[in-house]
Amino acid sequence: MKFLYSFLAIICFAFSLHAQKNVEKAIQTQFIMVEDGGTVELEAGTFEMSGSLAMDSKNDIIIKGKGMDKTILTWKGQKTGAEGIKITNGTNITIQDVTLQDSKGDCIKVQETDGISFVNVKVEWTGKPSKKNGAYGFYPVQCKNVLIDKCEAIGASDAGIYVGQSDQIVVRNSRAYQNVAGIEIENSTNADVHNNIAEDNTGGILVFDLPDLMKKNGGNVRVFNNKITGNNLKNFSPPGNMVAIVPPGTGILVLATSDVEIFDNEITNNRTLGTGIASYLYTQIPLKDEEYDAYPKRVYVHDNVYQKDSKRPKLNSDIGKWLFLKFKKDVPDILYDGIPEDGAMGENEQFKLGYEICVKNNGEAVFLNLNAKKGLKYHSKDAGAFDCSLEALEGAKESLVKGKK
Amino acid sequence: MKNALLLLCVGGFLFFFSTAFSGEEENYKLNLSEYGFFEGELSELIPADGVFSYEINAPLFSDYAHKARFIYLPEGTAMSYQNERVFDFPVGAAILKTFYYHQDERKADSPKRLMETRVLLHKKEGWIALPYIWNEEQTDAVLEVAGGSEMIKWKNDKGKKQQLEYQVPNMVQCKGCHSYDKQLTPIGPSARQLNMGSQLTELAAKGLVVNLPDANEIPQLAQWEHRETGTVAERARAYLDGNCGHCHNPKGPASTSGMFLTTHFDDPTALGINKAPIAAGRGGGGRAYGIVPGKPDQSILVYRMESEDPGEMMPELGRQLIHDQGVALIREWIEEMR
């Protein structure tokens, strides 16, 4: 009898290896053959993928697992493909109730798609944060109407949740931790990032505009009601990447994006830079793109709560070291690089209309203007020029984003 | 306990059978042989009526596989010349590419192992791409929409043993490269690729290509492995055009990167010269720019060509080995750049 058990066990084991390959093939076949309006159901269990799963030119599709941590696709032994899942040229695609793990490159890339929703999806690189992890967890790029809701992103060597070169975006009720960047909105327009938790990343939430891209400048980005806390993780991004510039201890960083409103956030225990606002020139990377606007304008930081337990900045960045030398244990909360566009400042050193950086009603938060254009030695806590308010932004048209499915 | 195990096994087998792809699509055939593109022994790839073979100047590197290329045009139809894009094809046309290895690269008559034949069919609604995998007996190739993999061993031109789990892309991945303006498209048959010896004039003489301009107006790519066909820069740019340009152009899948590598671009930033990466991730290899003039070892382009890691390497698909000769050329080009 015992013999029969072992015999069956061996057969089943041999079969399960074979079955893994067949599950992958079955899922990939469904990704290809599913009819518009159809659903790809993923069973409960852990399934090993050896290559990228790809879907192209599909409409009104739901890809659905049995639940976060119940259906798990892992690319631990991935042999081919630059991402875990790649979806292109679709409309109204929803991915829900699934965990995706350990892809060699980006985890889920969605390109040129109008209507992409991620709901209750976890993307993670297991083990300790490592530069060997893939760059982006959630990676919609060149998309319209993007929703990321109730998702988790863990361990990305660039951004856990990244939305790039896209329009109409809502990221909400999600959690990003142990990534280099928790949530990043890049060269994107009309975005709302709200009610998320960004914790234990190098930087919590980034709003960036970069040069040399097809979609030149983002804007109309709102970051509100988020809990952005303890983002003091060592920057483990491979050097050379833009996020490698993010100093450990960053809560929110706005780089070159205009029309940004940051409000009602809890920004706590980010030891270097509660909130930073900088021009692309601050990166000191040569700039040749003439259509690109390197200066943040009309940025409004208001009604946030700033708090720090330990006041000594993280020292593993230039700015961290500089802040420690200047302020020891009493580092300011909100930093402006002080590199305004030529002609941005009017008489008596006030911003001209349309060029404002406004910082208001942030409790006890301390403001610092680095004055990097003139020289860091002219840094100043004088917030006079920044004591202004701007009209509330509208952010994403949620009806557009939510109305899709 | 016993019952549970049995159930597991039976369930597993049922699952296995239910997932095997079956069923015929009206649009295309399940076996390559059914099209009648070739006559005689299928594996000999002897073109039937209406089918002709062609060559291109700057082929894509595919793990040292050889490629046999054919075009089928319905009787009385022709390709229409385009200066920059691939030629216009009539509805009903097909483009076929068969990947194969010689058992021993040093011997011209060494037996071949055919791996796959990719078929592009031009339907009324547009192009479709179909991967056919050759069977063990080499008698036919069978459609596999989800792609597949197969071990292959051969000896290279130095007699060194090579081994590879050859990967056949799935139907969607075909479009990962064969994409222009979100539409599936052929890549190879462009003027600059086909302008090789008398190939184009002969095709025109047979009426297979129309609207051919004067010879001096037709663009031409250098043949990267033949020094006499161009300068280092010309050959390097031809190599990048053939290996990267299908994605790296403003209407291709790599438009996200802002790096454009067809021969139509001369803007240094578009080529990656002193350009910071956008989403290279660890593919950047810790290097600052796509190309650092004079410094191949500081250029991301070279790093990604020299990587065998799926999360880092370029191209993203269709390559597992490093193309030593291609890398050497790109290194030489960057080395001499000022």
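Modeller: The contact takes 48 residues from chain A and 42 from chain B (two residues touch if their C-beta atoms, placed from the backbone, lie within 7 Å). This is a predicted model, where local features need pLDDT of at least 70 and side-chain atom pairs count only at pLDDT 80 or more, while totals for chains, interfaces and linings use all residues. Residues are numbered from 1 along each chain as its sequence is written, with chains lettered from A and ligands numbered from 1 in the order in which they are written.

Biologist: Which element gives the most to the side of chain A that touches chain B?

Modeller: H1(A), with 12 residues. Helices (H or I, at least four residues) and strands (E, at least two) are DSSP runs, numbered from the N terminus.

Biologist: Switching to the sheet in chain B, what is the strand order?

Modeller: The order is E3-E4-E6-E7-E8-E9, an open sheet of 6 strands with antiparallel pairing. Strands pair if DSSP finds at least two bridges between them.

Biologist: Which are the edge strands?

Modeller: Strand E3 (51-53) and strand E9 (141-143) of chain B, each pairing on one side only. E3(B) pairs with E4(B) over 3 bridges, and B:Phe52 has B:Ile71 as its bridge partner there.

Biologist: And B:Ala94, what does it touch?

Modeller: Leaving out residues up to four places away in sequence, B:Ala94 touches B:Phe37, B:Tyr72, B:Val119, B:Leu120, B:Leu121 and B:His122.
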